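The following exercises are to be worked with the sequence and the model side by side.

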Amino acid sequence: MNKNAPDYKKIYSEMIPDKFPDKSDSCQSILNKKELNTMDIITLNTIISRKDSKSYNQKLKSYDRHTIFEILNYQKKHRMTNVTAARHFNLSRNTLQKWKKIFQV
């Protein structure tokens with residue numbers, strides 16, 4: 001793990017019981033992992049996100065190359081269209097299309 005990267009496991013382990021105690025059980029299986037990867041963080045965000053803050057949270061997202069490939073592979077594995085994959089991962093269809101063009105998938 002990168003020294004400068006935030007300790008997401010610690011952040012979520014402290015935040016969820018305090019701010020989202022009703023969702024603590026659903027997040028526990030992910031928080032029990034030794035290390036969290038980017039897909040785990042996206043899943044945690046999806047579980048705890050509120051509908052009213054979705055547009056605000058969307059502006060702050062960024063993805064590394066590994067996560068982009070995971071998303072594109074998930075789409076391919078589950079035979080999803082850009083529309084269904086975009087809804088599943090809360091992304092723009094244009095973003096998925098751009099990633100496919102850039103990475104020649």
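**Exercise 1.** Which residues of helix 2 (residues 24-31) are buried?

*Solution.* The model is a predicted one. A residue is classed as buried when its relative accessible area is under 20%. In helix 2, this class includes Ser24, Cys27, Ile30 and Leu31. Viewed down the axis of helix 2, the buried residues lie within an arc of 110 degrees, so they line one face of the helix. Asp25 and Ser29, on the other side of helix 2, are exposed. The cover over the buried residues of helix 2 includes helix 1 (8-19) and helix 3 (38-48).

**Exercise 2.** Determine which residue forms a salt bridge with Lys33, and classify both partners by accessibility.

*Solution.* The partner of Lys33 is Asp40, and their closest N and O atoms are 2.8 Å apart. Next, consider accessibility. Lys33 has a relative accessibility of 36% and therefore counts as partly exposed. Asp40 has a relative accessible area of 7%, so Asp40 is buried. The structure holds one salt bridge.

**Exercise 3.** How many helices and how many strands does the chain have?

*Solution.* The chain has seven helices and zero strands. Along the sequence, the pattern therefore reads α-α-α-α-α-α-α. The chain has 105 residues, of which 26% count as buried. Finally, take the contacts between residues at least 6 apart in sequence: 51% of these join residues at least 24 apart.

Methods
Residues numbered from 1 in each chain as written. Predicted model: local features only at pLDDT ≥ 70, side-chain atom pairs only at ≥ 80, totals over all residues. Heavy atoms only, no water. Buried < 20%, exposed > 50% of the residue type's maximum accessible area, 1.4 Å probe, protein only. Helix = DSSP H or I, 4+ residues; strand = E, 2+ residues; numbered from the N terminus. Arc of directions from axis to C-beta. Contact = heavy atoms within 4.5 Å. Salt bridge = Lys/Arg side-chain N within 4 Å of Asp/Glu carboxyl O.
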